[in-house]
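Trainee: Please pick one part of this model and take me through it closely, with the cut-offs stated.

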Amino acid sequence: MANLTQFGNDLYTGKKSVSFVGKRRLWYSIAIVLMAISVVIPLAGGGFNFGIEFRGGSQFQITGASTVEQQPAIDAVQEVVPGEVTRVTTVGSAGVRVQTDQLTDAETREVAASLADAYGVQVADVTASFIGPSWGADITEQAVRGLLVFLALASIIMALYFRTWKMSVAAMVALLHDLVITAGVYAATGFEVTPAAIIGFLTILGFSLYDTVVVFDKVRENTGELGQQSRYTFSEAVNLAVNQTLVRSINTGVVAALPVAAILFIGSFVLGADTLRDISLALLVGIIVGTYSTVFVAAPLYAQMREGEPEIRKTDDRTRIARGEAVV
Amino acid sequence: MARSTPAKKAWRSLTWLLVIIATLTAVNAGGVLFSNGSWTPKLALDLEGGTQIVLQPQLGEGETVSGEQLTQAVSIIRQRIDAGGVSEAEISTQGTQNIVVSIPGVPDQQTLDRIESSAKLEFRPVLVTDAAATSATGEDGADASAAPSDPAAPPLESTPSVSPTDPSDLNYVTPALLDQFTNFNCDDVDALGLNTAPADQPIVTCDDADSVKYVLGPVEITGENIADASAGLSTNSQGATTNEWGVNLNFDATGTEQFAAVSERLFSLEGARNQFAVVLDGRVITAPTTGGVFTNGEARITGSFTQDSSKALADQLKFGALPIGFEVQSRDTISATLGSSQLTSGIIAGAIGLLLVVIYSLFQYRLLGFVTVASLIVAGVLTYLVLAIMSWRQGFRLSLAGVAGLIVAIGFTADSFIVYFERIRDELRDGRSLEAAVEAGWKRALRTIIAAKGVNMLSAVVLFVLAIGNVRGFAITFGITVIIDVLVVVLFTHPIMQLLATTRFYANGHRLSGLDPQALGAVYRGRAQFRAPVAAAQGKKAAGGKEAARRQTIAERKATEAEKSFEDASTKGKKS
């Protein structure tokens, strides 16, 4: 780990430098390819695996089951409602989740009793839910509205804080990149899209922008010091800033990802808590991609947008000439 | 001089932090001792087990629900649930149109039916009334010839001996009914399920305040036939407005017809039988006397109304029948076992996550990592107290989504420290002494932290305002942690750093301190002796002094002569 400190020193001084801005064509290409894959997968693979909250239906969950075999559940449902299509999944080590189409109240009670019997638990340990098809859609609608308002407000606030709208645009593009890729991961892994996953998505927004703000603050600081006779062109100053905060980016990414990875692991494999698992997958992917996109997408994009400004071009040219003269 | 000021400031900040923690603790202790507060935050249904029902209004194309209607519906549903003896039920609105009913435990079918059925507003003629508080002696207007109940005689006649001719017919009051009435206790009203009592039979019930009990005839008009109800001041016969509040009632066509017939009959009767009771969910909300025959479908209820009470009655009449039907959008029963296992999962995941963060911090920042850990602990304590107080005062419930918000917050909170530490290291790399680096790094870090946390806070606020259900629970915990995070950085982490900077261990940059200037590449010549920031080194950039003067001197120079070793640069620096 001491190496990371050394690495940080070298990055800070510029001894080592990753060319985030210079090789932007490469980074853009990677981002575009990843995004394209993320769009193609759901299109080709039949879309997202929407949770019962979006489809509607009845759901039973059995805790502390004596067995996690699926057949008893299917039989138990068939007993009450012959011909019913039943989806059975194992949750954690001793949990079974059974999903059916919407059942009546009476059927629900019977199925719950029959499941309790089949898995050797008390009826009280069988959780029964019924979800109307509009439930998930409602939450999503609200979430999308929240998302749009948040993006608009965040853009304005960032533009005001950094005194340039170009940082807002760069941050938003990176954010879009994060969301598309996270959605792509959901499609690729077949994880259920539940309201909890939607919460995860919304948090990514916060994280992605948060991370970008931290790095951009350093960028602002460095580029703000560029004077008439700077040794750095604008892009170089941006690149140095990103490199100088790289250790922070890595540390933050790791520290933010560790607890989330713990939730994902515990939620999916050990204890079985759907909500935790659904939130954490979105978050884990979002944190990794969000940290990545700040340095590989947002920063180069911002440098590129500003480079073209006449003022900056003039300064850059002067810097290059001065440097050229000095070299020769 | 520079030595004592930061330390003093640091102690002041730490004192403030102590004051805040002590205040929060005291507030919560007060809540526990003198009110129904608790040392643990209350848990939401998904962690505690229970049933959550989301009711959605059934609306036609283009119809909307007004906030007023929704509030009315919530209070009606609350009355119904309370009637079922279910304690601690929570009914709230969600978004602009949904109603969420949360009940601990698993409710019986009867309670569920009661919640899901629509409210029933009925008009029934009064047959017999009596004060409920006193034991039954001499009923007003009651047929005194009705056989008094005899304890010895087992089954009383419950079928009218003479078939009643109209709903006001006292023949409805059978000996059995009278006996029930005589011994009637208003506490029983709710248990009787009068909301679902047959419409063609008489009932025994009480008024809202449990002060009067009634025997009522069969239903004559139902709430559906009310077109409108409004509160207003009465006008006298000259058309001038009087100071008396009343409720104006308008019936629709069917209601008008029915009401004309009823008022004609009741107007001719005397005593209690002149009264016409309005029954909401089995309880009499008002039983005005009939002062005339109303044929135009407009009636006016007067009495000792205030503006508020007339408005309340008008609302009950108008919305009492829940003009908008509600359908169950989702019903979620979570067993207590599942709830507690989800909570355990959350806590274990949080603990593991925290442990990993601690290990990583110690690796990265050596003993400085303990500052991170201590800061996280302080943040944890504050968060816990705030959640406990919020669940006491604001009815906040910690849900699984909220737990996720808390766990995620570990990372975000730790990041504030990382940003700060990295800034300090940057300043050290620039050759500042630790104390100076802490102060200079702090200024820059604070700005970044506040800007970045601002974005986080914005997302929490937007989610809270616009989103519903679980998303909201998440937004609350997330928002709280963002605020506490900033508080901890300002009042704990920074002061601690200021104090540590004065200790030899850190100031001398011990290898394990995480702030070893040598490891950080700073020029260091022994305690408190640092090479002064080098002035222009290379000829080619000698002119560029102004822009690089203050801080990036070394760093930038190194960038340009990337291959030079550290010693090289330092000697060159001395030369110039």
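Mentor: Helices (H or I, at least four residues) and strands (E, at least two) are DSSP runs, numbered from the N terminus. Axes are lines fitted to C-alpha atoms, for helices over the stretch in contact, and angles run from 0 to 180 degrees between N-to-C directions. The model is predicted: local features need pLDDT of at least 70 and side-chain atom pairs pLDDT 80 or more, while totals for chains, interfaces and linings use all residues. Residues are numbered from 1 along each chain as its sequence is written, with chains lettered from A and ligands numbered from 1 in written order.

Chain A has 12 helices and six strands. The part to look at is a helix pair in chain A: α7 (residues 165-189) packs with α8 (residues 195-224) at about 145°, their axes being 10 Å apart. The crossing of α7(A) past α8(A) is right-handed (the near helix is turned clockwise from the far one by less than a right angle).

On the α7(A) side, the contact (C-beta atoms, placed from the backbone, within 7 Å) is made by A:Met167, A:Ala171, A:Ala174, A:Leu175, A:Asp178, A:Leu179, A:Thr182 and A:Tyr186. From α8(A) come A:Ala197, A:Phe201, A:Ile204, A:Leu205, A:Ser208, A:Leu209, A:Thr212 and A:Phe216. By class, this contact has 12 nonpolar, three polar and one charged residues (Ala, Val, Leu, Ile, Met, Phe, Trp, Tyr, Cys and Pro are nonpolar, Asp, Glu, Lys and Arg charged, the others, Gly among them, polar).

For chain A as a whole, 77% of the contacts between residues at least 6 apart in sequence join residues at least 24 apart.

Technical notes
Two residues are in contact if their C-beta atoms, placed from the backbone, lie within 7 Å.
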